[in-house]
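Here's a quick tour of a protein model, one topic at a time. Keep the structure open while you read, and find each residue as it comes up.

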Amino acid sequence: MGFTFSTMTLNLLLLIAMVATNILSLYHLSTTLQSPKSPKPLPPIPDELLRQLHTIRATINHLTRLQNTNPNTNTKSSIPSDLLLYSHISPIASSCHNHPDLLHKYMTYTPFSICPSDSELAESLILRGCHPLPRRRCFSPTPKKQTSSSSLPKNPFPSSLPDSSVIWDRYSCKSFDCFNRQNPNLGFEPSREVSKFTSYNSDLDLPVQQLLQIAKSAKSVLRLGLDVGGGTGSFAAAMKVRNVTVVTTTMNVVAPYSEAVALRGLVPLHVPLQQRLPMFDGVVDIVRCGRAVNRWIPVTMLEFLLFDVDRVLRGGGYLWLDHFFSKGVDLDKVYKPLIAKMGYKKVKWATGNKTDAGGVKHGELYLTALLQKPLSR
């Protein structure tokens with residue numbers, strides 16, 4: 001989708017709007033003249049006509065805003081040259097146009113030189129739906145003292161992660177150890193994560209050994225998986241040890257999660273929760289939704305996410321909702337019916353109180369559910 005909107009297009013829409021308005025006026029006039037002696041209340045305007053008028057007006061307003069953002073400045077000259085060039089050779093996500101200031105800032109750079117250090121800006125655009133971002137013709141900056149590839153951890157649960165492999169400019173912490181001190185549960189100390197998917201402390205837990213046994217008993221095989229909102233990749237690491245390949249979607253909102261996943265020898269996918277999963281239909285055996293998938297996601301968006309999970313799962317594959325939390329009153333009224341729409345078999349379904357301060361305050365519950373997709377539809 002390019003950024004050029006011709007005056008002819010805008011004028012044509014204005015003409016259509018004028019004609020539609022005149023038709024509406026004639027409609028009112030005709031209904032009035034039909035009974036001049038005993039005027040009656042006007043019949044309601046047809047919904048279809050109202051929808052068409054609203055669509056026309058919204059389109060005109062959108063085009064006018066894009067074309068005349070600054071009436072004293074030529075539109076083309078205000079758009080970065082590489083953005084104009086790219087828009088002619090490749091489509092740009094429609095949501096990008098809703099944030100022109102951020103997009104123009106992102107695409108303002110010197111081609112064939114070092115890219116600006118603006119990963120935070122890129123994430124802001126992605127989280128606003130501008131995904132995928134336009135490509136740029138610049139060189140990605142590298143850490144000043146990057147660890148040599150021969151020194152990178154070979155074990156997905158190393159004792160520590162090398163700080164020298166991260167560009168720390170945008171973060172308040174300048175090391176993984178700093179993040180560990182602030183919050184040990186962020187996952188930046190992989191050696192502490194070993195037991196996260198191997199121990200059983202309550203019914204909410206599903207150790208990977210049990211998961212693999214469930215699949216085996218069902219004469220199913222787990223080979224490929226996707227971890228949605230997987231943090232630093234600990235589930236993928238636990239499965240890698242067992243010869244199962246899992247890729248992890250993650251974002252670097254407050255910490256270098258993507259780098260941490262990669263440093264463990266795993267694959268991070270820089271994908272926000274609201275975007276279509278970057279996989280073809282029916283190709284993975286299991287999808288795990290971690291704690292990033294929770295009640296803070298609008299219900300309609302969550303519904304689209306779950307059905308996108310269904311799209312990438314093969315028949316007989318598994319959806320694992322791991323410690324999904326919601327208000328207790330909403331679990332039965334909202335989320336159970338939502339999950340039931342998928343028609344999956346309940347292999348495991350366990351609930352428990354969320355006992356931290358926020359959970360107690362809002363009456364929240366955890367749900368851990370392992371659901372199996374039907375073999376055929």
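A polar contact is a pair of N or O atoms within 3.5 Å, where one must be able to donate a hydrogen and the other to accept it. Keep that cut-off handy for Lys348, whose side chain has a polar atom 2.8 Å from the backbone oxygen of Asp203. One thing to know before going on: this is a predicted model.

**A buried lysine**

- Start in strand E6, which covers residues 345-353 and is where you'll find Lys348.
- Which side chain of opposite charge is nearest to Lys348? That's Asp203, 5.3 Å away.
- Lys348 is buried but has no salt bridge, because a salt bridge needs a side-chain nitrogen of Lys or Arg within 4 Å of a carboxyl oxygen of Asp or Glu.
- Setting aside neighbours within four places in sequence, Lys348 is in contact with Asp203, Asp205, Leu206, Thr368, Ala369 and Leu370.

**The disulfides**

- A disulfide is a covalent bond between the sulfur atoms of two cysteines.
- How many disulfides does the structure hold? There are 3.
- Cys96 pairs with Cys130, and their sulfur atoms are 1.9 Å apart.
- The torsion about the S-S bond of Cys96 and Cys130 is about 90 degrees, so this disulfide is right-handed.
- This pair ties together distant parts of the chain, 34 residues apart: Cys96 sits in the loop between helix H4 (81-89) and helix H5 (100-106), while Cys130 sits in the loop between H6 and H7.
- Cys96 counts as buried because its relative accessibility is 0%, and Cys130 is buried too, with a relative accessible area of 0%.
- Next up are Cys115 and Cys138, which form a disulfide with sulfur atoms 1.9 Å apart.
- Their link is right-handed, with 100 degrees about the S-S bond.
- Cys115 is in the loop between H5 and H6 and Cys138 is in the loop between H6 and H7, so to speak two distant parts of the chain, 23 residues apart, joined by one link.
- Are these two cysteines, Cys115 and Cys138, buried or exposed? Both Cys115 and Cys138 are buried.
- Cys173 and Cys178 make up another disulfide, with their sulfur atoms 2.0 Å apart.
- This link of Cys173 and Cys178 is left-handed, with -60 degrees about the S-S bond.
- Cys173 counts as buried at 0% relative accessibility, and Cys178 counts as buried at 15%, because the cut-off for buried is under 20%.
- If you number the bonded cysteines in sequence order, the pairing reads 1-3, 2-4, 5-6.

**Helix H8 and its buried face**

- Helix H8 covers residues 208-217, and Val208, Leu211 and Ala215 are buried in it.
- Why do we say these buried residues line one face of H8? Looking down the axis of H8, they fall within an arc of 55 degrees, so they line one face of the helix.
- On the face turned away from the buried side, H8 carries the exposed residues Lys216 and Ser217.
- The cover over the buried residues of H8 includes helix H9 (234-240), strand E4 (284-289), strand E5 (313-327) and strand E7 (364-372).
- After H8 comes Lys219, which has a positive phi, near 55 degrees.

**Two loop residues**

- Val254 lies in the loop between strand E2 (245-249) and helix H10 (257-263).
- Val254 counts as exposed because its relative accessible area is 56%.
- Beyond neighbours within four places in sequence, Val254 is in contact with Tyr171 and Phe179.
- Val254 and Cys173 are 81 residues apart along the chain, and their C-alpha atoms are separated by 9.7 Å.
- Ile167 is in the loop between helix H6 (119-127) and helix H7 (176-182).
- With 29% relative accessibility, Ile167 counts as partly exposed.
- Not counting residues up to four places away in sequence, Ile167 touches Pro141, Thr142 and Pro143.
- Ile167 and Lys145 are 22 residues apart in sequence, and 9.8 Å apart from C-alpha to C-alpha.

Technical notes
Residues numbered from 1 in each chain as written. Predicted model: local features only at pLDDT ≥ 70, side-chain atom pairs only at ≥ 80, totals over all residues. Heavy atoms only, no water. Helix = DSSP H or I, 4+ residues; strand = E, 2+ residues; numbered from the N terminus. Buried < 20%, exposed > 50% of the residue type's maximum accessible area, 1.4 Å probe, protein only. Lys, Arg positive; Asp, Glu negative; His and termini not counted. Contact = heavy atoms within 4.5 Å. Arc of directions from axis to C-beta. Disulfide = S-S within 2.5 Å.
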